[in-house]
Each structure stands twice: as structure tokens, then as C-alpha cells.
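Me: I would like to work through the charged side-chain pairs of a protein with you, step by step. Could you take my questions one at a time?

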Amino acid sequence: MNRSLQPIYWDGAVVVMVDQRVLPHRQEVVRCTSVAQVVRAIKTMVIRGAPAVGIAGAMGLVLAAENITAADPKTFRRKFVRACQQVAAARPTGNNLSWAVEQVYSVLVENPEAEVFELKRLVRAKADELLKADIEGNRAIGRWGSKIIPTGANILTYCNAGALATGDYGTALGVVRAAHRQDPSIHVYTCETRPFLQGSRLTAYELMWEGIAATLITDNAAGSLMQQGKIDVVVVGADRIAANGDTANKIGTYTMAVLARAHDIPFYVAAPRSTIDPVLTDGSQIPIEQRDPEEVTHFQGRPVAPKGMVAINPAFDVTPNRYVTGIITEVGIIRKPFKSNIRKAMES
Ligand code: MRU
């Protein structure tokens with residue numbers, strides 16, 4: 001493991017990823033020297049979490065650029081565009097991946113006369129810039145978000161929107177980290193998050209690593225805890241937010257939002273603006289990734305359902321904007337009316 005919980009970093013010319021499939025019991029890394037290896041790592045969840053996937057995509061494009069041997073800019077551009085398409089298609093729901101690909105590709109558009117060596121340098125510089133900006137943005141999300149956490153709060157979070165899901169520091173867990181610095185008495189309930197168990201494996205690990213008081217619950221325990229008055233606020237991450245504030249996040253997030261509303265508990269989404277897709281007018285247009293049903297019928301290769309059982313595995317759901325109290329971004333908390341306030345935040 002790296003010194004921090006940073007999930008992806010350079011080792012010379014190699015992209016190194018903390019293997020999130022085997023955490024917390026094994027601390028292993030996957031080393032990538034080609035864009036194909038990065039795409040595979042994204043698809044197989046070695047790295048996951050929308051912002052981290054975006055950064056991985058950008059770093060994969062650096063590898064793609066470095067591995068193109070053509071000296072003539074036209075051939076380089078053609079091959080690079082193909083790599084951009086492969087990376088952007090690796091996972092469909094998170095906006096950050098296609099956003100990061102567009103950011104890196106913009107280097108080619110803005111430098112139409114550049115030689116290949118110069119384009120390679122610019123691609124690397126852009127990927128480094130995206131990583132740095134993500135971490136700075138998350139710290140800002142933390143600062144804004146800590147303002148909405150009551151003293152001694154019991155916070156419920158879902159999935160993993162922590163350092164491991166971003167460049168570092170996290171979005172929803174960035175809020176928790178920043179709040180904990182000011183008030184060490186806060187406490188977090190983390191839902192285990194079936195079927196990939198991002199909550200019990202990754203969020204629990206991060207919270208223990210950070211020394212933040214936390215309790216692991218099954219996903220189905222959340223409603224009962226809310227009913228007993230044990231949750232003060234819900235903070236989750238996001239994979240894609242439509243222009244009206246409808247929010248795609250890990251499957252089960254919608255359930256938490258409805259439960260929160262039923263119990264008058266504020267429900268916040270923490271995400272950088274790179275997660276917002278201003279082109280989509282509402283959440284019905286967000287593509288939902290359907291993953292292998294075997295992730296449901298099996299756990300880490302071992303069957304948990306009868307052989308031949310039919311299962312479906314939508315990886316994300318969409319929470320309608322009416323259930324969202326606010327969207328905590330790096331430029332402030334966006335509140336209702338979301339449509340106009342999201343537009344202003346995107347312009348700022
Ligand atoms: O399938 P995953 O693990 O990539 O899903 C992750 C989530 O849903 C996170 O909540 C989201 O990406 C935000 S991470 C800052």
C-alpha cells in the first residue's frame with residue numbers, strides 16, 4: 001500500500017493501482033504499462049469510484065500516447081482517438097470517465113500544429129493536472145460539507161466515496177474527514193453495500209485507517225436505525241448528476257434517499273462538478289451499467305445462490321432530485337432549485 005490511501009499513482013512509466021477487489025485483507029497492486037491493461041482494470045473493478053476511474057482513464061491515455069510509435073502527428077492523432085474511445089467505453093455510468101477523456105483529448109484540439117513528442121508531454125501534463133485538481137477539489141468539498149454536519153452527528157454513508165474512490169481524500173468521506181477534524185465526536189454508519197461490499201471492505205477500512213468512530217451495518221438495517229432516531233444526516237457520493245439534480249450512485253442509494261425522506265433526515269450528495277453531466281436534462285437519460293449476475297449469485301468466486309439461479313445486477317440507481325437536500329461540490333453547496341443553481345455552479 002502507498003503511504004496514503006491514494007488508489008493510483010505513477011512508478012516511473014508504470015501506472016500502479018491498489019487492487020480494490022482484495023482489500024482489506026490483502027494489500028496488492030496491479031501494475032499497468034498499456035492502455036488495454038488500464039481498461040481491463042477499470043472493467044474488473046481493480047479501481048472503482050467515478051473520480052478514480054476518471055483519473056485512471058487519463059493515466060491510461062498517457063500510456064496510450066507513450067506507446068504510439070508513429071512519429072507523424074496525423075497517425076498519432078488517429079491512434080490516440082481510438083484509445084480515447086476504448087477508455088471512455090470502459091464503464092458507462094460515471095460521468096468522470098468520459099469527462100476526463102474529453103479533458104485529455106482537448107490537448108490535441110488546442111494544439112493542432114504540435115509534434116508528437118510535444119503532444120505526449122502535454123497529455124502527461126493534463127493527466128497530472130486532473131489528479132491534482134481532483135484532490136484539491138475533494139478537500140474543498142470537505143470544507144463545504146463539514147458545515148452541514150451537526151455536532152456529534154451520526155452520519156450514514158453508502159458504498160465507498162472515499163480516498164480509494166477518488167484521487168485521494170474522497171467526496172462523501174472527504175466531508176466526514178473534514179468534519180472529524182473539527183469534531184472528533186462524530187460517528188459514521190457504513191452500509192455494507194451488496195454485492196461488491198464497497199462499504200464493509202473499503203469504507204470500513206478507510207474509517208478505521210483514519211481513526212473515525214464507525215459501525216458497519218447491513219444495507220437493510222438502515223431503515224430501522226432511522227426509525228430509532230439514530231441517523232442525523234446521510235452523505236453519499238455520485239457517479240453522474242443530471243442537469244436537474246437527479247443523481248446516479250451505487251445501487252441502493254435510492255432506497256436510502258427514500259428512507260431518509262420518510263424520516264425527515266437530510267440527504268446530501270457530495271461530488272465534484274466533473275460528475276455533473278449538464279447535457280442530460282434528467283436522470284432517466286443516465287446509462288445504468290449492468291454487471292455480471294455472477295457478482296450476485298457468487299461472492300469472491302464462491303456460490304451463495306443455487307446453481308442456475310437467475311439474477312440481475314444493475315450497478316447503479318437514480319435518486320430523483322426531490323429527495324436530495326443539497327449537492328456538495330468544490331465550489332459550494334448547490335441547493336434547490338437545482339436546475340438553475342447547477343447551471344450557475346457549472347459556470348462559476
Ligand atoms: O461500482 P463502483 O464501486 O465504482 O461505485 C462507486 C460509487 O457508486 C460511488 O459512490 C461513486 O462513484 C462516487 S465515488 C467518489
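Reply: What follows is a set of questions and answers on salt bridges in this predicted model.

Me: How many salt bridges does the structure hold?
Reply: A pair counts here when a side-chain nitrogen of Lys or Arg lies within 4 Å of a carboxyl oxygen of Asp or Glu. By that rule, the number of salt bridges in the structure is 14.

Me: Which strands does the salt bridge between Asp11 and Arg31 link?
Reply: The closest N and O atoms of Asp11 and Arg31 are 3.0 Å apart, although the two residues are 20 residues apart and belong to distant parts of the chain. Asp11 is partly exposed at 39% relative accessibility, and Arg31 is also partly exposed, at 47%. The strands that hold Asp11 and Arg31 are, in that order, β1 (residues 8-11) and β3 (residues 29-32).

Me: By about how many helical turns are Arg121 and Glu118 separated?
Reply: The side chains of Arg121 and Glu118 form a salt bridge with an N to O distance of 3.1 Å. Both residues lie in helix α5 (residues 116-146), and because they are three residues apart there, the separation is about one helical turn.

Me: Are Arg291 and Glu289 buried or exposed?
Reply: These two side chains meet in a salt bridge of 2.7 Å, N to O, and they belong to a network of salt bridges that also links Arg91 and Glu295. A residue counts as buried when its relative accessible area is under 20%. Since Arg291 has 13% and Glu289 has 8%, the word for both is buried.

Methods: Residues numbered from 1 in each chain as written. Predicted model: local features only at pLDDT ≥ 70, side-chain atom pairs only at ≥ 80, totals over all residues. Heavy atoms only, no water. Helix = DSSP H or I, 4+ residues; strand = E, 2+ residues; numbered from the N terminus. Buried < 20%, exposed > 50% of the residue type's maximum accessible area, 1.4 Å probe, protein only.
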